[in-house]
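Please walk through this structure with me.

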Amino acid sequence: LRSRFDPGAAQGVRARYEIRLGDDRFRIDVADQEIEVARGHADQADAMLVTDPGTLEAVLWRDRRLDDAERSGDITIEGNHAAAERFIRLFPMPERAAAVGPA
């Protein structure tokens, strides 16, 4: 997550998230256009996403819609749904590089 975090997308965001992937829990704090990720429970999280690694990856980087994953039961959101949607937008896929040289 750190490598794909976009500080520009985090402008004005101050939030705490918890991601649960099976038995693994991660606390993610976003403030001042920075991210801190640590293992463990997040006290007073704005949003908690409970899912599996494949679903999280699909929602973050493979164009799967968050509401579709939630509707199908592949992800559960606890807390503020708008905060969860904001979380997803913090990790955009990088732009594809233009081809260089002859085709």
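Glu18 stands opposite Met48 in strand 4. Strand 4 covers residues 47-51 and runs parallel to strand 1, with 5 bridges joining the two. Strands here are DSSP runs of E with at least two residues, helices are runs of H or I with at least four, and both are numbered from the N terminus. Two strands pair if DSSP finds at least two bridges between them.

A word on the source. This is a predicted model in which local features need pLDDT of at least 70 and side-chain atom pairs count only at pLDDT 80 or more, while totals for chains, interfaces and linings use all residues. Residues are numbered from 1 along each chain as its sequence is written, and side-chain values use heavy atoms, with hydrogens and water left out.

Strand 1 spans residues 15-21 and is mostly covered, with 5 of its 7 residues buried. Buried means under 20% relative accessible area, exposed means over 50%, and partly exposed lies in between (1.4 Å probe, protein chains only). Strand 1 also pairs with strand 2, residues 24-31, through 7 bridges; this pairing is antiparallel. Ile19 faces Phe26 across it. The two strands form a hairpin with 2 residues between them, and Gly22 in the turn has a positive phi of about 65°.

Now look along strand 2, where Arg27 is found. Is Arg27 buried or exposed? Arg27 counts as buried because its relative accessible area is 19%. Its side chain makes a polar contact of 3.1 Å with that of Asp29. Such a contact is a pair of N or O atoms within 3.5 Å; within protein, one must be able to donate a hydrogen and the other to accept it, and residues adjacent in sequence count only if both atoms are side-chain atoms. Leaving out residues up to four places away in sequence, Arg27 touches several others, including Arg16, Tyr17 and Glu36. Touching means heavy atoms within 4.5 Å.

Thr76 sits in strand 5, residues 76-79. With residues up to four places away in sequence not counted, Thr76 touches Met48, Leu49 and Val50. The C-alpha atoms of Thr76 and Thr51 are 6.6 Å apart, although 25 residues separate them along the chain. Thr76 is partly exposed because its relative accessible area is 38%.
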